[in-house]
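User: Could you walk me through how to read a few features in a model like this? I'd like the general idea, then the case at hand.

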Amino acid sequence: MSSASGSLPRYILVRLALVLPMMWVLLTVVFILLRVAPGDPVSAAVGGKLNQEALDARRATLGLDRPLITQYLDYLGNVAHLDFGKTISDNRPVLDIIKDQGGATLTLTLGAFLVAMVIGLPLGRLAGRYRDTSADAAIRVFGVVTYAAPIFWTGIMFVLLVVKLFPGWPTNDIASVVTKFEVTPKSHILLFDAALEGNGSAVSDILKHHVLPCLTLGLLLSGVIIRLVRINVIQAMKGDYVEAARARGISERRVVRYHAFRNALVPVITVIGLQVAITLSGALVTERTFNWPGLGTELIQYVTARDYIAVQGLVTFFALIVVVVSVFVDILTALVDPRVRY
Amino acid sequence: MGSFFRGIWNTKGQARWILLVGVVITLVFIVFAVLAPWVAPYDFNQTKLDGAKLPKLAPPSGTYWFGTNDQFYDIYSRVVWGARTALEVIVLSLVISIVIGVPLGIASGFIGGWFDRILVFVNDAIYSLPSLLLAIVFSFLLRGPLGGGVTAAALSITAVYIPQYFRVVRNTTVSAREATYVEAARALGAKPFTIMRKYLFGNVVQSVPVLGTLNAADALGTLAALGFLGFGIQPNEASEWGYDLSRALDDAQAGTWWPTLFPGLALILLITALTLVGEGLNETANPALRRRRLRPVVFPRREQDEERTR
């Protein structure tokens, strides 16, 4: 691949071609874990409630009595059509769960990324510019602590603070009961639906509910961004082009802002892509902490209900997200930075 | 191993202090964990004293140092017993993931070819999954056969860390495979298994202790997260900080602070201490990062010697 011409379309094609084997391996791993491993899905989910015949009938309707290889091929085929199966415990298509609750997880993670940027970029730049000063040390400690503190504990501490200092500020769920009743779900992204209806009070209510969860998840991510931006700014400040900019008599402030910082941002995009897995892990815990009606909460409920198909479907979906986002980020990086293409 | 410790001793600067602070805090937790039956006033699942129930949600006081929670547990006792659980799970999960990950890595790197390709591909796929999700899936699968105890929790966490040891050891093996000493062994007629066991093993495990301590901190976080989501160690099996924190969520919403503050502080303190040990070891044991302490060299002074002999 080193002999390639380095054209962008070619790079994108190569990258996309690698997606399929990656997805295939992930799907196979998920299937082996959840289907081939010992344990019977049907009796795990509804055992004790039904007699043997009814259990067998359920197994037959779900296709669990067929050979494993048939089930495996079916599973791959279904996932290709975005069919993740129907839950055993309440007979609900997993795709419906994703459509209904996915929006809450989406706005939570996007909000968290926003918070991470707003906190991480300026602090990282500051620490990089004033390297080895007390400001740098303080910012680094902040980064380490926010990353080391378990996310649910950070969340709980926020709740305690807010309950004491601002009584009445929402500390759980995505919206108040009234808002949920008023807004009719269309896109199932509550914030979006409320905005479409032009319901101002609903929008502000939903935004208020987002503050604590997004802050909690965002703080975790900001630690990574601080560390990265700091190192990149330090490296960029040593670059020849920064020296050249200084030699032209450009003020130090402009040099940092327009010459060093811009170039320090490229690796940040890549690393943000790598953070998707961490963000999803964090979102699971954040949703539990704030009683957030998203996919994490659903997954937790179905794991508790010991519903194999639901767990398998949701885990498959998460795996797809990770692969898709990582490809998307790679392509984005190549668009921004010509050096990446091979 | 001797050179490993000498390397640490010869380091100068911040890294030594980071390591020292981390080790001291960790040792305190180990002491509490070992002495739990004597240090904790109550058993981890004790709710009654002489037939009378302990108070519910009593604030911290002289009798109940950290207060009691909504399950009538004494929080101080739960925190102390929790240290024991945490260390048990960390040690168990690290040992298992090293025992599986290291030989797999050596074999994959040494044998190479398709065997290696497939293992690396599967490994990378597993590694790309969110680690907590993987741990949840494993605890979901293990709940049936193993129940909700320390072993099941440790095994669920193990699934997350095997790929890391595999990756590190496999990469070192690939570069060590071509080294002269391996070639010499092969020329002497050593069988592949002998080469892996006697020649490669000792050389590729050097990076494992550092990775292990860094993973220990992470493993504790995963254990607590599992417990917090309700998929970790069940309260009747052992005391676990993550579970206690999840029980205390509603109390936090109501503004009651002690059931969440103390288990959380213990958790953060131990995670930070283990991270410090890992970072410190990384900087002291890694020759590339290490800054050596210059030992003053004392030359014997000739006049003195002559005076003494006189």
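This is a predicted model: local features need pLDDT of at least 70, side-chain atom pairs count only at pLDDT 80 or more; totals for chains, interfaces and linings use all residues.

User: What is the largest nonpolar core, and which residues have the most contacts inside it?

Analyst: A core here is a set of buried nonpolar residues joined through C-beta atoms within 7 Å. The largest one has 167 residues, and A:Leu314 and B:Leu220 have the most contacts inside it. Helix H11 of chain A, residues 200–237, gives this core its largest share, 16 residues. Domain 1 (1–89 + 305–342) and domain 2 (99–292) of chain A each supply at least three residues to the core.

User: How do I read helix H14 of chain A, and where is its kink centred?

Analyst: Compare the end-to-end reach with the expected span. H14(A) covers residues 266–290, and its 25 residues reach 33 Å from first C-alpha to last, close to the 36 Å expected. Then look for bends: H14(A) has a kink of about 40°, centred on A:Val276. After H14(A) comes A:Asn291, with a positive phi near 55°.

User: Is A:Ser281 buried or exposed, and why?

Analyst: Count C-beta neighbours: 20 or more within 10 Å means buried. A:Ser281, which lies in H14 of chain A, counts as buried because it has 25 such neighbours inside 10 Å.

User: Which residues is A:Ser281 in contact with, leaving aside its neighbours within four places in sequence?

Analyst: Those are B:Pro130, B:Ser131, B:Leu132 and B:Leu133.

Notes
Residues are numbered from 1 along each chain as its sequence is written. Chains are lettered from A and ligands numbered from 1 in the order in which they are written. Helices (H or I, at least four residues) and strands (E, at least two) are DSSP runs, numbered from the N terminus. The expected span of a helix is 1.5 Å times one less than its number of residues. The bend at a residue is the angle between axes fitted to the seven residues ending there and the seven starting there. A residue is buried if 20 or more other C-beta atoms lie within 10 Å of its own, exposed if 12 or fewer, and partly exposed in between; C-beta atoms are placed from the backbone. Domain bounds come from an automatic or database domain assignment. Two residues are in contact if their C-beta atoms, placed from the backbone, lie within 7 Å.
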